[in-house]
Number of protein chains: 2
Amino acid sequence: MNRPLNEYLVTELVEGLEEGAFSAMDVVEACLERIAARDEIVQAWVALDPERARASARHPSGGPLRGIPFGVKDVFRTAELPTGMGAAAHAGSTDRFDAAAVAVLRGSGGLVLGKTATAEYAGTAPAETRHPAAPAHTPGGSSSGSAAAVADRMVPFALGTQTGGSVIRPAAFCGVVGFKPSFGLYPVDGLKMAAQSFDTVGLIARGAEDIALLHSIFMRCGRPERGAPLRIGLLGSHLEASLQPGMAAAIDETAACLAGAGCTVTRLATPDWLASLTEHRAIVNAFERFAALAPEALACHDSFRAETAATWDRGREVTGETYLTARRTIDECRQRAASLFDGVDILLSPAVPGEAPKGLRSTGDPRLQELWTTLHLPTVCLPIGHGPRGLPLSAQFVAPLYDDARLLSAAMWVERTLAATA
Amino acid sequence: MNRPLNEYLVTELVEGLEEGAFSAMDVVEACLERIAARDEIVQAWVALDPERARASARHPSGGPLRGIPFGVKDVFRTAELPTGMGAAAHAGSTDRFDAAAVAVLRGSGGLVLGKTATAEYAGTAPAETRHPAAPAHTPGGSSSGSAAAVADRMVPFALGTQTGGSVIRPAAFCGVVGFKPSFGLYPVDGLKMAAQSFDTVGLIARGAEDIALLHSIFMRCGRPERGAPLRIGLLGSHLEASLQPGMAAAIDETAACLAGAGCTVTRLATPDWLASLTEHRAIVNAFERFAALAPEALACHDSFRAETAATWDRGREVTGETYLTARRTIDECRQRAASLFDGVDILLSPAVPGEAPKGLRSTGDPRLQELWTTLHLPTVCLPIGHGPRGLPLSAQFVAPLYDDARLLSAAMWVERTLAATA
């Protein structure tokens, strides 16, 4: 292989490092070189300490990720680098310990390469990050830097968080693989909470196999193996009008391709309750974000950017009664969600409305992704082609609660199948 | 009233401060005086800054808690005082911002009096705190200092956290009122997580009315009013053999007293699935605590006290498959829990096996409390008498999910009714 090391998948790096084909230092240097060449444009990184990364690479600790660098969304506290939460009020904050998810990866041999840009408090006030393939376009958010850095081959994988669509949307816009596990599986210790009923740690990488490896580390389980043809349910939603021309067709082509490779594809009726999730999720999100932002609102409300201040204002208007009604409704929907999988193994739906929109003032529409965050279901996005501007289009695959390993097995098979017929 | 101000209930303080009968400074001085006189024995406080508390009392900010001091379990980060997590590894750690629950109370006018002692990482390695009424006995844990400080009239109320029985057990042993709301209602931002599927912020005070006031602040809802006679279900469990002689009789007497005041009391059959919770909860707890402790284990595993190291070791042995099976079972039990309330409004059961046990090396048996934490149901404990050693006996009242306000209405009525017939 003549590709530079920064382009390798996690699984390729693991193999090469084990074989001694190259060293952890070689990998870190390749990543740093790419960052030096590209980050002035992409602006994926907000804290980077090359000397510390090199020091870690010189003596990597053992484990399945021995010597593999990764990026950390800047809402996870880190011991080696400051944590800014994408917010002026937190700039330069330091911590004695890593967040738990960071420590799990470091404890498996991974090296923190740096902190990646996030929307303020993982909300809607965008980071400076630009789409690597089209700098006038948003990379999505709020895990903007994590997705852009992985897509631009600055780092093989990165940690993100998803409360609405903050892992899947930027991964989908940037054309890489995003994974939001079932709620509560990966540790949230050391995170700035956004809306605690939904806050989920997620992963962004360039291949489903990489996600499967990382999932096995978090879950202390065997590494999911590539699956076989399966029963796919094509699910529409109340959000179909939001799709860009071409997105529905791309999903249909994906379904046809997978059917051609042996899958059963069933078009499912859209249940009525699915549409109600958008509204109820907004209520719970606003109420909980208001409480989670209480510390900063008390000390320095003026530091909030306009989008954060607006979120906080919305939250202030939500009463406890309204909040509890929304929580009850969402709980009922979670019960009903099991029936979406009657006769099918996974669902297929658009991950985003289409290509990454132009402009850096919004990170895009979260509604297609947040449905699954709200239901606590595991979801993974995979690129399925390109739109009229040449930017990625992405589909989302969704599995029943706790079927994360089966979802990743399916994603590995789908990724391979789509690549073979592309 | 000739009682010193440190003995006043929160609601009494609110009234007196509003009327100008005394000042916030008077209240703080009374609390500090009590602490100076008693904390050498009780050891409820781990960080206290009298000058800062006085400075806050000089210019209390507005809100329903204007000028009321409170204690904060030392697993909540605070901006004004260091946060030690009950652990040598965190000693002296400082933060730029408060945890969200602390900020909610400060934003309502409350003053942080100090940080209260906690078991290491809110686990089982006990704090130094002693039972205020019997210094050779445990006050319970892990919110040991919060319960002891409130019981000893050093502060009118305190924040705690409950992952197993860490609010209800110490409150029950100390003979004060503990409240663990439905899962997820109060913000966990800024907490050291223990087991995230269960971690719940809770309250300890000396009256149910005080808890109702505080609940209305967290929930931004009207203050629950005192209820009327209601339908009570007497629930046994697989843990009856653990009860001390006299505890079952005290519960029966309480039930008889409430029946005499107009309640319907029904003895419920113990459902089979209830017993399974103890085992499944232990699995989820161990798996999640292992992940939450990853940062400290990575940086300084040697700093763990024996109990924490043992918890961490147990967690390491739990595979992802075992964990997911336990999560699924618990989810099913949560569904079934609704049926416990067929025909009754609230459940009555022992909060603890009996009086606070002698010795400071264990904080007592969490099993009676953790049933409700695992099910995510709101629970409040109230003192119902004294045992053979003269220490408090306490009952637990439990309501359906999200019926927190109704539970507190009931608790206010029960408290009044028991006091009237005592």
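Modeller: In this predicted model, helices α9(A) and α12(A) are oblique to each other, because the angle between them is about 140 degrees and only values over 145 count as roughly antiparallel. Helix α9 covers residues 272–292 of chain A and helix α12 covers residues 320–337, with the two axes 9 Å apart. Their crossing is left-handed. On the α9(A) side, the contact is made by Trp273(A), Ser276(A), Leu277(A), His280(A), Arg281(A), Ile283(A), Val284(A) and Phe287(A). Helix α12(A) answers with Thr322(A), Tyr323(A), Ala326(A), Arg327(A), Thr329(A), Ile330(A), Cys333(A) and Arg336(A). By class, nine of the residues in this contact are nonpolar, four are polar and three are charged.

The helices with these numbers in chain B also belong to the meeting of the two chains. There, 37 residues of chain B are in contact with 37 residues of chain A. The elements of chain B that give two or more residues to this side are α4 (100–107), α9 (272–292), α10 (294–300) and α12 (320–337). The side of chain B that touches chain A holds 18 nonpolar, nine polar and 10 charged residues.

As for the arrangement of the copies, chain B is superposed on chain A by a rotation of 180 degrees with 0.0 Å of shift along its axis, at an RMSD of 0.0 Å. This is the relation of a two-fold axis. Of the interface residues of chain B, 97% are also interface residues in chain A, so the copies meet through the same surface.

Terms used
Residues numbered from 1 in each chain as written. Chains lettered and ligands numbered in written order. Predicted model: local features only at pLDDT ≥ 70, side-chain atom pairs only at ≥ 80, totals over all residues. Axes fitted to C-alpha atoms, helices over the stretch in contact; angles between N-to-C directions. Helix = DSSP H or I, 4+ residues; strand = E, 2+ residues; numbered from the N terminus. Parallel < 35°, antiparallel > 145°, perpendicular 65-115°, else oblique. Left-handed = near helix turned anticlockwise from the far one by under 90°. Contact = placed C-beta atoms within 7 Å. Nonpolar A, V, L, I, M, F, W, Y, C, P; charged D, E, K, R; others polar. Least-squares fit on C-alpha atoms with pLDDT ≥ 70 in both.
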